[in-house]
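Reader: I would like to learn how to read a model of this kind, one feature at a time. Where do we begin?

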Amino acid sequence: GSIQEEVVQDAESVRQQQQAHGQQHSCTLDECFQLYTKEEQLAPDDAWRCPHCKVPQQGTVKLSLWTLPDILIIHLKRFRQVAEQRHKLTTLVRFPLRGLDMAPHVAQRGQPGGQLLGRWAPWQPPLRLAPGCPRDHLYDLYAVCNHHGSMQGGHYTAFCCNALDGRWYSYDDSRVEWVREAEVSTRSAYILFYQRRRA
């Protein structure tokens with residue numbers, strides 16, 4: 001028969017599935033931190049030699065946040081290289097403008113005399129918090145750097161919260177415009193700037 005006779009129309013459910021898979025997924029900033037600090041099983045070829053039994057052991061590795069700064073700068077991964085191909089990632093990362101709680105992402109290190117804080121240089125004794133004293137892990141967003149474009153070329157813009165009037169503004173070269181808070185979290189967000197609430 002002709003080519004026209006061989007064409008089969010897709011059912012509506014097939015088109016819906018194709019659209020669902022074609023859409024960029026989204027995640028929360030909290031989910032990003034959970035993945036970043038997730039325990040991982042090392043590959044067998046990355047085994048470490050036990051100092052006691054001298055037998056290679058397959059271990060695990062876990063990255064933890066030990067302390068938090070007053071200014072927290074979060075750089076979102078927006079570019080990926082696979083073989084020779086480079087791709088821009090446009091996943092929507094939903095991040096809070098106020099009240100980012102970093103407490104779940106800080107390493108739990110129970111000390112009998114309280115938790116250690118501050119620098120641990122030999123000439124500077126560590127600060128101690130009394131047991132039961134709440135630490136301030138809440139952060140508020142004050143700026144976002146956005147990247148528009150691709151790996152070959154792009155353009156940077158920013159959203160910043162004015163400390164005097166508390167409103168958000170868009171900065172695009174010489175153009176500055178007021179924006180609603182709902183417009184600050186976009187697929188172009190690249191670097192997030194948070195300040196500790198009590199800093």
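Reader: What does the pLDDT say about the chain?

Author: This is a predicted model, so confidence comes before detail; pLDDT is the predictor's confidence in each residue. The chain averages a pLDDT of 80, and 75% of the residues score at least 70. Over residues 111-134 the value is below 50, although this stretch has 27 contacts in the model beyond near neighbours in sequence.

Reader: Which strands pair with S13, and in what sense?

Author: In a regular strand the side chains alternate between the two faces of the sheet. Here, strand S13 covers residues 138-149. S13 is joined to S14 by seven bridges, and the two run antiparallel. They form a hairpin, with four residues between them. S13 also pairs with S17 in the antiparallel sense, over seven bridges. Strand S10, residues 100-101, is antiparallel to S13 and joined to it by two bridges.

Reader: How many residues are in the largest nonpolar core, and which elements supply them?

Author: In soluble globular proteins, nonpolar side chains tend to be buried together. The largest nonpolar core in this model has 24 residues. Leu29, Ile74, Phe95, Leu141, Val184, Leu192 and Tyr194 are those with the most contacts inside it. At least two core residues come from each of helix H3 (29-36), strand S6 (71-75), strand S13 and strand S17 (189-196).

Reader: What is Val184 in contact with, apart from its neighbours within four places in sequence?

Author: Val184 is in contact with Phe95, Leu97, Leu141, Val144, Phe159, Trp168 and Val179.

Reader: Is Ser170 buried or exposed?

Author: Ser170 counts as buried because its relative accessibility is 15%, and the cut-off for buried is under 20%. Ser170 lies in strand S15, residues 168-172. Leaving aside neighbours within four places in sequence, Ser170 is in contact with Ala158, Phe159, Arg175, Val176, Glu177 and Val179.

Reader: How many aromatic pairs are there in the whole structure?

Author: A pair of aromatic rings is described by the distance of the centres and the angle of the planes. A search of the whole structure finds three such pairs. In one of them, the ring centres of Tyr142 and Phe193 are 6.1 Å apart with the planes at 50°, so the pair is tilted. Tyr142 in strand S13 and Phe193 in strand S17 are 51 residues apart, and the pair links distant parts of the chain. Tyr142 is partly exposed at 30% relative accessibility, and Phe193 is partly exposed at 22%.

Reader: What is the geometry of the Tyr156 and Tyr190 pair, and where do the two residues lie?

Author: The ring centres of Tyr156 and Tyr190 are 6.3 Å apart and the planes are at 35°, so this pair is tilted. Tyr156 lies in strand S14 (residues 154-161) and Tyr190 in strand S17, so the pair ties together parts 34 residues apart in sequence. Tyr156 is partly exposed, with a relative accessible area of 46%, whereas Tyr190 is buried, at 12%. With Phe79, Tyr156 and Tyr190 form one aromatic cluster.

How values were computed
Residues are numbered from 1 along each chain as its sequence is written. Side-chain values use heavy atoms; hydrogens and water are left out. A nonpolar core is a set of buried Ala, Val, Leu, Ile, Met, Phe, Trp, Tyr and Cys residues joined through side-chain atoms within 4.5 Å. Buried means under 20% relative accessible area, exposed over 50%, partly exposed in between (1.4 Å probe, protein chains only). Contact means heavy atoms within 4.5 Å. Rings of Phe, Tyr and Trp (its six-membered ring) pair if their centres lie within 6.5 Å; planes under 30 degrees apart count as stacked, over 60 as edge-to-face and the rest as tilted. Two strands pair if DSSP finds at least two bridges between them. pLDDT is the predictor's confidence in each residue, from 0 to 100.
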